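Please look at the sequence and the model together while reading this report.

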Amino acid sequence: MSPIRVLLVDDDPLVRAGLSFMLGGAEDIEIVGEAADGGEVDALVDRTRPDVVLMDIRMPSVDGLSATEALRRREDAPQVVVLTTFHADEQVLRALRAGAAGFVLKDTPPAEIVAAVRRVAAGDPVLSPAVTRQLMAHAAGGSGDTRRARARGRVAALNDREREVAVAVGRGLANAEIAAELYMSVATVKTHVSRILAKLGLNNRVQIALLAHDAGLLEGTDSL
């Protein structure tokens, strides 16, 4: 199999060097480029064609949030994993809403960062239910009612089965767990997830989970 192509984006050269060292030691990962600011990302992605971008949030010129939003608008968008020093940060949540597949803390053990890159490259989010709950609590504010109404309007497009799958995704269940709980095959779960993404114009399972939360579908469940 071809190695996972990774682009590193962080304004701290020591952080980039550390990430390059820990990821470069994995046989199935190739560092294809580095950037010190979000403004460099678009051209680098054109040139290096990464599968995964590790993106710092806070950078001096173009921040990671703006760079993530720009990347996820591309038809050939790579997966984005946000790098942060905080568990609960509104900018992280905004990056996830923009289409980032998850985030890792900068002090995460090397093996876990390598595993996160592999998971995202395989199409799985890097986000635990506990961390999502922290983010939601941190970001809750006066705009909640407006966000809920808008989210409920969007999920109204789903049929009953798709809604059940969306709730299960929001609860942090894997495809096999959803299949067992809802008495369907894993392939059928994947089909439902794909249809939900297409109907709602979402990028990944993280965004399904966030929308389910915003719409109030997870209330009263063992959820995020």
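## A pair of strands

Strand β4 (residues 79-84) and strand β5 pair in the parallel sense, over four bridges, where two strands are said to pair if DSSP finds at least two bridges between them. Within this pairing, Leu83 has Val104 of β5 as its bridge partner. The element names used here come from DSSP runs, with helices being runs of H or I of at least four residues and strands runs of E of at least two, numbered from the N terminus.

Buried means under 20% relative accessible area, exposed means over 50%, and partly exposed lies in between, as found with a 1.4 Å probe on protein chains only.

## How the model should be read

This is a predicted model, in which local features need a pLDDT of at least 70 and side-chain atom pairs count only at pLDDT 80 or more, while totals for chains, interfaces and linings use all residues. Residues are numbered from 1 along each chain as its sequence is written, and side-chain values use heavy atoms, with hydrogens and water left out.

In α1, Arg16, Leu19 and Leu23 are buried. They cover an arc of only 65° around the axis, which puts them on the same side of α1, the arc being that of the directions from the helix axis to the C-beta atoms. An α-helix has 3.6 residues a turn, so residues three or four places apart point the same way. The face of α1 turned away from this buried side carries the exposed residues Leu14 and Phe21. The buried residues of α1 pack against β1 (4-9), β2 (29-35), β3 (52-56), β4 and α5 (110-121), with contact meaning heavy atoms within 4.5 Å.

Helix α10 (residues 186-200) has 15 residues and reaches 21 Å from its first C-alpha to its last, close to the 21 Å expected at 1.5 Å a residue. Val189, His192, Val193, Ile196, Leu197 and Leu200 of α10 are buried. They cover an arc of only 135° around the axis, which puts them on the same side of α10, whereas the exposed residues Ala187 and Ala198 lie on the face turned away from the buried side.

The axes of helix α4 (residues 90-98) and helix α11 (residues 205-214) come within 8 Å and cross at roughly 110°. These axes are lines fitted to C-alpha atoms, for helices over the stretch in contact, and the angles run from 0 to 180 degrees between N-to-C directions. α4 and α11 are therefore roughly perpendicular to each other, because angles of 65 to 115 degrees count as such, while those under 35 count as roughly parallel, those over 145 as roughly antiparallel and the rest as oblique. Leu93, Leu96, Arg97 and Ala98 of α4 make the contact with Val206, Gln207, Leu210 and Asp214 of α11.

## Residues with a positive phi

Arg49, although not a glycine, has a positive phi of about 50°; Arg49 is found in the loop between α2 (41-48) and β3, and at 46% relative accessibility it counts as partly exposed. Tyr183, in the loop between α9 and α10, also has a positive phi, near 55°, and is exposed, with a relative accessible area of 76%.

Notes
Expected span 1.5 Å × (residues − 1).
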